[in-house]
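Good morning, colleagues. Please have the sequence and the view on the screen before you as I speak.

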Amino acid sequence: MKIRTGPGTGYTAVAQVGAGQWVGCWYPATTDCNKTSTGVATGDSYTCNGVTSNKWLKVGYNLTLKYVALGCVNTAHIPPGAVVIG
């Protein structure tokens, strides 16, 4: 999974994270970072885990706003404000 500078595969990848690693949501969410409209951006389409989507999760990386493909992360059973790469 790549952390990118914008919501699309054409944006620069600034980091690579593996399965089981945590990334923090950028937007301070009260319940679930991917269900807050301000925590998800619409961008370029991608296919991950057999599903095509254009939703990108806003995450914090080095204290700056970055993006990961929402369909590639596992957001189940985790504390608010964080997601784990699945």
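Of the 86 residues in this chain, 41% are buried. Please keep in mind that we are looking at a predicted model.

Let me turn to the secondary structure. The chain has eight strands and zero helices, so that part of the description is brief. As for contacts between residues at least 6 apart in sequence, 49% join residues at least 24 apart.

What of the interior? In soluble globular proteins, nonpolar side chains tend to be buried together. Here, the largest nonpolar core has 18 residues, and those touching the most other members are Ile 3, Tyr 46, Leu 57 and Val 68. At least two residues of this core come from each of strand 4, strand 5 and strand 6. Strand 4 contributes the most, namely four residues.

Which residue does Tyr 46 pair with through its ring? The partner is Trp 56: the ring centres lie 5.0 Å apart and the planes meet at 70°, and because planes over 60 degrees apart count as edge-to-face, the pair is assigned to that class. Tyr 46 belongs to strand 4, residues 40-48, and Trp 56 to strand 5, residues 51-61. Both residues are buried, and the whole structure holds one aromatic pair.

Beyond its neighbours within four places in sequence, Tyr 46 has contacts that include Thr 9, Val 51, Ala 69 and Cys 72.

Thank you for your attention.

Terms used. Residues numbered from 1 in each chain as written. Predicted model: local features only at pLDDT ≥ 70, side-chain atom pairs only at ≥ 80, totals over all residues. Heavy atoms only, no water. Buried < 20%, exposed > 50% of the residue type's maximum accessible area, 1.4 Å probe, protein only. Contact = heavy atoms within 4.5 Å. Phe/Tyr/Trp six-rings, centres within 6.5 Å; stacked < 30°, edge-to-face > 60°. Core = buried A, V, L, I, M, F, W, Y, C linked by side-chain atoms within 4.5 Å.
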